[in-house]
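Visitor: I have a model to go through. Could you take my questions one at a time?

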Amino acid sequence: MRDDARVSLQQALIHVHTAMESAELYRTMRRHLAEQFGIRQFSVFLFNNDTEQYNLDFSTLVDAAEWDTIFFPREEVPFEYFDGQPPLYLPSTISWFGYDFPVYWVTLLSSRGEIAVAFISHEYIDDFDDCRENLELYLTHIGLALVKTRLYEQVCDSNEEHVAKLEALNEMGEVLSSLDLDRILARLMELSLKIMDAEVGAILLRGEEGQLEPTIEWGLQERHIKALVNREDRQFVDLVMENAEMLIIDDLAHDEIFHDRDRQFSINSVIGLPLLTKKAPYGILVVVNPGADLGETCREVDTLRTVAHLASITIENFLYHRQVVSQEKLMGQMRVAGEIQRGLLPSMTPNHAGFDISGISIPATNVGGDFFDYLSITPEKLCIVIGDVSGKGLPAALLMAMTRSMIRASLLLSEPQPEDHHKNQVAGLNTLISQENLNGRFVTTLFIWLNRARGTLTLVSAGHNPLLLFRAAGGTVESLNEGGLPLGIVAHEEYEEQTVAIAPNDILVMYTDGIPDARNREEVCYGFSRLQQVVWAYANQSAEMIRDAILADVKRFAGPQPENDDMAVVVVRISPL
């Protein structure tokens, strides 16, 4: 996320949490969704726990006068199926009491606590993969804000006994958009003790291995907490986490299940509340010796439950943000690695008379395993190499860099070889690479040596895609793939080579499998037939134009599908003498 985008999102979250009424919140939401995510057509449903149904609370498509008449019983709700799915390219239609509306994307903003929120987009979301993380984070905060605004409106419309609850929610709301976990937890602990009129408490969060570790200890140490066990010597806090439910002991001295194993701290009563969301459990809140009534239906316990739920989502957002920052750092490093890798590839075509050459490598991510290279062996002889390392990403990129270096050292530093000895160079290179610890990886490679003076091409393929030779004179295509196994599989592999004549205006096309294996929405492969048609269509153009035409046709065929494999292509046009 860019710095300016992050600031803009943080400002939007501040606006969301300062809205006190739902009408104000929806106006803010409508503006933010349009400005930051390009979403202008949407609806919001709220789940009513009393009636067990989803009610339309806001929509840009339905007249406000009709909102109260549109609802779905929980067992008949048509949009829960879409939750967690990517946006549809073609909408699904839902009928709402005589209205038919398109559904492109649905997310359930919250399914715990006092309110469940369903957000429905009625239009396709462009660049969804790029904005998904920010959009889901924003909508999560919308869910939190709706909880607060609805509770505020309930307080205003009903009686004053919920004022304390509203005050606690407002105080918790002050840190909902914070990215300071210590501040979030300290505020949660402070409010919990205040709400329950308690003496001491603690917050334990799950560690990397899932164990509960004390994070906040206000007058209550970890050993005191973990001394509270049942008759099977199971710890109180572990049972709260395991059952994912609030657990209350209102009189420990006379409790039939739990007891204080150490008796080093005067614990009379205790309440344990899991800190969790629908995605994962994050920890537990423990409050000891509360002065308030501990009945599950009492106002204080209900308020504490709501505050803990809001804090749980805020903790989740913090952990998510930390992960995003870590990913951004890694992506920055990957971008640098990609720049370094692109610097290893030829930036200029070789200056060999008689050949018009153009090549390119396009990784599926920042870095990849496809490569090509030009090696000037003698003034008359040029070697062109194209390769594909098994796998993708950074491991493939590292092996690609090693392989390229070994190829250059092996071919450029050795004595020039006659045409019938190139297979021995490839065999020696394969032996060197096979001696490395590749962890089952290998490299398919195609080597061609062009000799303009003799008008010949010598080829050795190490398990790579065939070279396509387009004959200008006869209008035919030859597929050449003489060779052996990919580099790095078996040491001391023997290779074969093939030498053929080349003539002016002949076209050579070298490529990796990302070209023929590219797929469209119907999972149909691009294939060799389409590749040949493009080359023939541009046969009178330069090597660069042929190369660009191939890539453009592959992209047009695949459509908006993300590239799932690296691609490299080298085109050589034999120039007239």
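**Burial, sheet and surface**

Guide: At 0% relative accessibility, Val 443 counts as buried. This is a predicted model.

Visitor: Which strand holds Val 443?
Guide: Val 443 is buried, at 0% relative accessibility. Its contacts beyond four places in sequence include Phe 371, Asp 388 and Pro 486. The residue belongs to residues 443–451, which form strand E18.

Visitor: What separates the C-alpha atoms of Val 443 and Leu 399?
Guide: Leu 399 is among the residues that Val 443 touches. Along the chain, the two are 44 residues apart. Their C-alpha atoms are separated by 8.6 Å.

Visitor: Is Ser 312 buried or exposed?
Guide: Ser 312 sits in helix H8, residues 299–344. Not counting residues up to four places away in sequence, it touches Pro 274, Leu 275, Leu 276, Thr 277 and Tyr 282. Buried means under 20% relative accessible area. Ser 312 has 0% relative accessibility, so it counts as buried.

Visitor: Is Thr 28 buried or exposed?
Guide: Thr 28 is placed in helix H2, residues 22–37. Leaving aside neighbours within four places in sequence, its contacts are His 15, Val 16 and Tyr 138. The cut-off for burial is under 20% relative accessible area. Because Thr 28 has 9% relative accessibility, it counts as buried.

Visitor: Which are the edge strands of the open sheet of five strands?
Guide: The order is E15-E25-E24-E20-E21, with antiparallel pairing. An edge strand here pairs on one side only.

Visitor: What does the twist average from one strand to the next?
Guide: The sheet is open and has five strands. From one strand to the next, its twist averages 15 degrees.

Visitor: Which helix lies across E20, E21 and E24?
Guide: E24, E20 and E21 follow one another in the sheet order. The helix across them runs at about 40 degrees to E20. It spans residues 527–537 and is helix H11.

Visitor: Is Tyr 89 buried or partly exposed?
Guide: Tyr 89 is in the loop between strand E3 (71–73) and strand E4 (92–96). With Leu 90 and Tyr 124, Tyr 89 makes a nonpolar surface patch of about 330 Å². Its relative accessible area is 39%, so Tyr 89 is partly exposed.

Methods. Residues numbered from 1 in each chain as written. Predicted model: local features only at pLDDT ≥ 70, side-chain atom pairs only at ≥ 80, totals over all residues. Heavy atoms only, no water. Pairing = 2+ DSSP bridges. Helix = DSSP H or I, 4+ residues; strand = E, 2+ residues; numbered from the N terminus. Axes fitted to C-alpha atoms, helices over the stretch in contact; angles between N-to-C directions. Contact = heavy atoms within 4.5 Å. Buried < 20%, exposed > 50% of the residue type's maximum accessible area, 1.4 Å probe, protein only. Patch = residues over 30% accessible without salt bridge, like charges linked within 9 Å, V, L, I, M, F, W, Y side chains within 5 Å. Areas by Shrake-Rupley, 256 points an atom, 1.4 Å probe, with all protein chains shown as cover. Salt bridge = Lys/Arg side-chain N within 4 Å of Asp/Glu carboxyl O.
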